Amino acid sequence: MSNTRFATAIHILTLLARQPGEWLNSDYIAGSIQVNPVIVRRELIILNEAGLVISKKGKEGGVQLAKPSSKISLAAIYHAVKNTEVLGKKNLNPNSQCPVGRQINDRLTQLFLETDYLVSNALTKKTLADFGKQFK
């Protein structure tokens, strides 16, 4: 559960929200996060596919928000980069002879769905603009 994709994505988008209309490059963004620009570029591809950013190639290129930060919910960011369950992964091969082992993954599936719904629902109520107001 040490996935930093959401933290990286919201960092990127918060930087972009603070400089609307400016084309920020991956080197600049990576410097703020203190990660390799390749990591930023990978996340930008995902954010672009989700319709959260637009990009422009070339020397004067970069990325910017595809829409106002007030129109981007934190849930949209979460769903764009989510690649694992909030609570982690299930055990791959529990003992089917054990009364717990044979049912655990079915029960965890339901728990994971409920947890994901709660997280998503909470994030739907907040926008990138709301989040960005914390930074002076």
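Analyst: The model is predicted. Start with the two strands: S1 covers residues 53-56 and S2 covers residues 62-65, and they pair in the antiparallel sense over four bridges. Within this pair, Ser55 stands opposite Val63 in S2. As a general point, side chains in a regular strand alternate between the two faces of the sheet. Five residues lie between the strands of the hairpin, in which Gly58 takes a positive phi near 105 degrees.

Helix H1 itself runs over residues 5-18, and its 14 residues reach 20 Å from the first C-alpha to the last, close to the 20 Å expected at 1.5 Å a residue.

Two packed helices are described by the angle between their axes and the distance between the axes. For H4 (residues 74-81) and H5 (residues 104-124), the axes come within 6 Å and cross at roughly 135 degrees. H4 is therefore oblique to H5. On the H4 side the contact is made by Leu74, Ala75, Tyr78 and His79, and on the H5 side by Asp116, Val119, Ser120, Leu123 and Thr124. Sorted by class, this contact has five nonpolar residues, three polar ones and one charged one.

Key
Residues numbered from 1 in each chain as written. Predicted model: local features only at pLDDT ≥ 70, side-chain atom pairs only at ≥ 80, totals over all residues. Heavy atoms only, no water. Axes fitted to C-alpha atoms, helices over the stretch in contact; angles between N-to-C directions. Parallel < 35°, antiparallel > 145°, perpendicular 65-115°, else oblique. Contact = heavy atoms within 4.5 Å. Nonpolar A, V, L, I, M, F, W, Y, C, P; charged D, E, K, R; others polar. Pairing = 2+ DSSP bridges. Expected span 1.5 Å × (residues − 1).
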